[in-house]
Amino acid sequence: MLIVHHGLFWGGAQRLVGHRYERLRLLLERDVAVYASHLPLDRHPTLGNNALLARALGLEPTGEFARYESIAIGVRGEDTRPTAQIVDAARTFARQHGGDVHTSALPRGRVTRRWGICSGAGASAETLSEATALGIDTLIVGEGPHWTAVEAPELELVIIYAGHYATETLGVRALGEHVSQTFDIPWTFVDDPTGT
Ligand SMILES: [Zn+2]
């Protein structure tokens, strides 16, 4: 069985033909099951990408962030560290997963008071306006469109982009470990940033 984060369908089921079928052909031929957990694995309080990313950066979540329709999938909390220290922690984390960190403009001597995390494509019009409403000054995401980095200083926000892939490796690893311990079966993590 494969445990994956991104599912095959977004916005309704689609026929498995052409390249979609090719993606699954080997698995179907070899009778390998696929379990995909996307938003539930972003939001899970102990196995989820966002809670685990916070802890990997030395941050303790105390609330929810990144509402998607009616459900918050991210986390937020408070801190008193220089933002540059959180950037350094994010850089170390990203590099462990073959990526790197980019940030919006980072003023010298800046301190983080309130942070929010949304893994994957976490910088969007919705998360920027939610961050502003909540008084969040540091937003940690996987990636986002170019304009979010341009707009961030106008909102007195620093956005830390730690990589879509890197920020979404944590949940599947934690779930793999959980399934392994629960059912006493071996597991391994296939580190494959480009999907090859
Ligand atoms: Zn993603």
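This briefing covers the zinc site, the sheet and several individual residues of the structure above. The model is predicted. Its zinc ion has three named protein donors, His6, His164 and Glu168. Six strands form an open sheet with mixed pairing, and helix α4 packs on that sheet.

**Zinc site**

- The zinc ion is held at 2.0 Å by protein donors: NE2 of His6, NE2 of His164 and OE of Glu168.
- Along the chain, the spacing of these donors reads H-x157-H-x3-E.
- His6 sits in the loop between β1 (2-4) and α1 (18-29), while His164 belongs to helix α7 (residues 164-167), so this pair ties together parts that are 158 residues apart in sequence.
- His6 is partly exposed, at 42% relative accessibility.
- His164 is also partly exposed, with a relative accessible area of 23%.

- Glu143 is in the loop between β7 and α6.
- Its relative accessibility is 35%, so Glu143 counts as partly exposed; the limits for that class are 20% and 50%.
- A polar contact of 2.5 Å links the side chain of Glu143 to the side chain of His164, and His164 is itself a donor to the zinc ion.
- Setting aside residues up to four places away in sequence, Glu143 touches Gly120, Ala121, Gly122, Ala123, Tyr161 and His164.
- Glu143 and Tyr161 are 18 residues apart along the chain, and their C-alpha atoms are separated by 5.2 Å.

**Thr148 in helix α6**

- Thr148 is part of helix α6 (residues 146-151).
- Thr148 is buried, its relative accessible area being 0%.
- Beyond its neighbours within four places in sequence, Thr148 is in contact with Ala123, Ser124, Leu128, Ile159 and Tyr161.

- Strands of a sheet pair through backbone hydrogen bonds, in either a parallel or an antiparallel way.
- Strand β4 (residues 71-78) and β6 run antiparallel and are joined by four bridges.
- β6 and strand β7 (residues 138-141) run parallel, and four bridges join them as well.
- Trp115 in β6 is the bridge partner of Gly77, and the bridge partner of Trp115 in β7 is Thr138.
- From β6 the chain passes through helix α5 (residues 125-134) to β7, forming a right-handed β-α-β crossover.
- Gly116 stands opposite Leu139 of β7.
- Helix α4 (residues 83-96) packs on the sheet and touches β5, β7 and β8 (158-161). The direction of α4 makes about 10 degrees with that of β8.
- Strand β6 (residues 114-118) has four of its five residues buried, so the rest of the structure largely encloses it.

- His97 is located in the loop between α4 and β5.
- At 8% relative accessibility, His97 is buried.
- Not counting residues up to four places away in sequence, His97 touches Tyr165, Ala166, Thr169, Arg173 and Pro193.
- His97 and Asp184 are 87 residues apart in sequence, and their C-alpha atoms are 27 Å apart in space.

**Helix α3 and the residue that follows**

- Helix α3 (residues 49-56) has these buried residues: Asn49, Asn50, Ala51, Leu53 and Ala54.
- Gly58 follows α3 and has a positive phi, near 75 degrees.

How values were computed. Residues numbered from 1 in each chain as written. Predicted model: local features only at pLDDT ≥ 70, side-chain atom pairs only at ≥ 80, totals over all residues. Heavy atoms only, no water. Donors = N, O, S within 2.8 Å, 3.2 Å for Na, K, Ca; no water. Helix = DSSP H or I, 4+ residues; strand = E, 2+ residues; numbered from the N terminus. Buried < 20%, exposed > 50% of the residue type's maximum accessible area, 1.4 Å probe, protein only. Contact = heavy atoms within 4.5 Å. Pairing = 2+ DSSP bridges. Right-handed = clockwise from strand over helix to strand, strands pointing away. Axes fitted to C-alpha atoms, helices over the stretch in contact; angles between N-to-C directions. Polar contact = N/O pair within 3.5 Å; in protein donor to acceptor, adjacent residues only side chain to side chain.
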